[in-house]
Structures are given as C-alpha cells and as structure tokens.
Amino acid sequence: MSLFQLTHHIPLLPYWRLSGFYFFYFALIGAFSPYWTLYLQSLNFDSLQIGLLMSLLLVTRIFSPAFWGWVADYTGKRARVVQVAAVMGLITFCGFFVGDSFSWIFLFMLLMSIFWSASLPLMEAITLSHLGERTMHYGRIRSWGSVGFVLTVIGVGYVLDKIEIFWLLWIILSLKAFIVIFSYQVREKEIIGEVATFHHSVREICLRPEVILFLSVSLFMLFAHGVYYTFFSIYLVEHGYTKGFVGWTWAIGVICEIGIFFLMPWLLKHFSLKLILVFSFVSAIVRFLLIGWCVEWPLLIVFAQILHAATYGAHHIAAMMIIHHFFRGRHQAKGQAIYSSVVYGLGGAAGAVFSGYTWEKLGPDITFSISAAIVGISLILILWKMKSIHASINASV
C-alpha cells in the first residue's frame, strides 16, 4: 500500500498530524540523546554524575507514564494530557538557562523528565487507536519520527563543531516549542474495546506468564542499551572522532531503522514475531561487542550502527504489536504506560546507572561486553520460553 493509499483508505486517519508530532518528538531526541552528555561533560561532571543525571530520564519512566496513563484512561482525554505534558516540558526546560550546578541540573532534569515521559506512550495509544486493526502500518507513521531524528542528529553534530556547546540549550528549546504546537493538532480517538478485554483487569493481564516473559526480556534489552545511550557519544569523541562523525553514526542507525519500519509489513508476512525478536537480540550481542572492542575501526562502528535497525527498530515495532495485542480497549494507554515504565524506565535507568559505575571501574570494553552478555541471557529465554507468545500473537497478526 502506497503512502497516498494509506492516508486515504484508513477512515479519518490524521496521518500528517500524527506524523508531525513524531517528527518533532524524535527530532528533540536527536538533539538531546547524543549531545546532552557532552553538555554535561562541559560542566565538568564526572562519569558517575553523568550516568545519574541521564538515568533520571529513565527513572521517571518507571512511575510517570503509569500515572499519566491512568489519568488519560480515567478522563478519556489522552490528547489533552499530551498537550499539558508538552507545555510543562517546555516550561521546565527553561530552568537549564538559570543554573548549572549538579543539584540544579538534577532538579530540572527530574522535573522535565516527569512531563517528557508522559507524551510518547499516550501518542502510541492514540496512533494505534486511529489505525484500528491495521497496526501493520504503524511503522509508516512512526518512521517520520526517525526522519526527524536523522535530520537533527546530523545537523546538530555539524553545528556543534562550529559553535559552543551551550547553544544546544536553544536548539532543544526550539524543538520543544514545535512539540507543543503539534500536540494541539492531534485529535482524540474514541476507544473501542473488545468485550473480552473488559473482563480482565490490568493486573490479571500483567500476571499472564507470556506477558511477564516479554516484559522481562525487553527490560534486559533496554538495560543493556543503558551504556550506549549514556556514553556512546563521549566514547567516540574521546577516541578522536568529531561531533559531525558522531552525528552521522547516530543518523546511520536511524536511517536503517526507517527502512525496517517500511519493511515490517513484508517481514511480518514471511517471518514470525519470535524469529524477528531472535534476530534483534542476536544483532544486539554483535553490536555491543563491536562497539566495545573495535572503536578504533570506523567501518566497524558504522556497521554496528547499521544493526540499530534490528536492535531498536525491529524490536520496537514487534513490542508495540505485542503490547497492543495484550492490552486492548480501555487498557491501551495503561498497557503502553506499563511497557514504558518497566522496560524504558526500570530497565533503562538501571542500565544507565550501572554503566556509569562500570565505566569508571572496569572500562568501556568490559561494560559493553556485560551488555552483550545480558542480551545473551534474554535470547536464551526467548528461545526457551517464547512459544506461548509466538502462538498467541501470530494467530492475530
């Protein structure tokens, strides 16, 4: 199905409004994730302090999405919650222009993160509600977020080679303003739930063995990525790479991710979700080992970034389909919030703090190797225990 067909054959799909929000949301991540650690480093914070500060973005995802998801489901105003979170995220970010002590940065990263972490799970639920049963096409909307990330991460990298790192604050502030604008363009979508869903509480769904298994292996995956999201840019710069090259390495991974988003409908017709997940976890093992032990070889670093298409892109879309399958109807927002809280919040935060400690004590190569080993444990669990998810999900895809 072409892009034109997608925008005209799904009734009342606000394709460009949803895509625009994703574009600027991930453009913000493209400016923040690779370069914020460099800004923190410019404030003379050490590795453990940087790890703690970056973990706040993920710690808040343990409780914040669940709270906002409950508010959204209780009020039925998911789009309104996204708008409030966008405005408050803009306001709290202004605090970084006032002070730069560790305690001050800690406070405002905490406040900003509480609101930042609210938006994406709710937008995922809104988008999937608009798509209805055509969840295969989720990737085509979500891919615009990847486009925004690529353009920003490349552009900001080159800009920061020419200007002081402090100007990163103004770049991020501008992108947050665009997020506010597009949050007010997104329409609410009535939640139409399956009757069977209403007979099960969220707690009952979460206690299903296949749900526990999937949340666990996804948590391990994001724990393993903690070192990558926290120290990858610093790691490359310390080995003599320019910020422009750093931007391209992030961009290459996301460009390949876009390709996976568009290929996913075809892949789902030819391969099971279990096989796609296995490939994603194998790729993560290879990727972390290459980054940890082959940083002196630019081509191998580029190849490691190409694997981002599998370690994030394929895993993310598979995860969205699985969560959407388990948490239907009135539980959609709560299901997305639980996934975000457990996987990105608990897993990502623990990975960021753990990597901040091991980075200093054991070194980058060992830290990345530990990440590869953790992914390996998850892979064994998938191969050993994932028959129930495989049978359940693929029956409905």
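**A chat about a predicted helical model**

Q: Hi! Where does the pLDDT stay under 50?
A: Hello! This is a predicted model, and its pLDDT stays under 50 over residues 1-10. For that stretch the model has 19 contacts beyond four places in sequence.

Q: Which other stretch has a pLDDT below 50?
A: Residues 192-198 do. Beyond near neighbours in sequence, that stretch has 10 contacts in the model.

Q: And where is confidence lowest and highest among the helices and the rest of the protein?
A: Confidence is lowest in helix H9, residues 195-198, with a mean of 45. The highest value belongs to helix H14, residues 298-306, at 96.

Q: OK, what does the protein average?
A: The average pLDDT is 85, and 89% of the residues score at least 70.

Q: Let's talk architecture. How many helices and strands are there?
A: The protein has 18 helices and 0 strands.

Q: How much of the protein counts as buried?
A: Of its 397 residues, 60% count as buried.

Q: What about contacts between residues at least 6 apart in sequence?
A: Among those contacts, 85% join residues at least 24 apart.

Q: Where is Arg330 found?
A: Arg330 is in the loop between helix H15 (308-326) and helix H16 (332-361).

Q: New topic: aromatic rings. How many aromatic pairs are there?
A: A search of the whole structure finds 37. One of them is Tyr228 with Phe232, whose ring centres are 4.9 Å apart. Their planes meet at 40°, so this pair is tilted.

Q: Where do Tyr228 and Phe232 lie?
A: Both are in helix H11 (residues 209-238), 4 residues apart, which is about one turn of the helix.

Q: Are those two buried or exposed?
A: Tyr228 and Phe232 are both buried.

Q: Last one: which residue lies over the face of Phe26?
A: Arg142 does, at 3.8 Å from the ring centre. Trp116 also has a charge over its ring: the charged end of Lys176 sits there, 5.0 Å from the centre.

Terms used:
Residues numbered from 1 in each chain as written. Predicted model: local features only at pLDDT ≥ 70, side-chain atom pairs only at ≥ 80, totals over all residues. Heavy atoms only, no water. Helix = DSSP H or I, 4+ residues; strand = E, 2+ residues; numbered from the N terminus. pLDDT = per-residue confidence, 0-100. Contact = heavy atoms within 4.5 Å. Phe/Tyr/Trp six-rings, centres within 6.5 Å; stacked < 30°, edge-to-face > 60°. Buried < 20%, exposed > 50% of the residue type's maximum accessible area, 1.4 Å probe, protein only. Lys NZ or Arg CZ within 6 Å of the ring centre and 35° of its normal.
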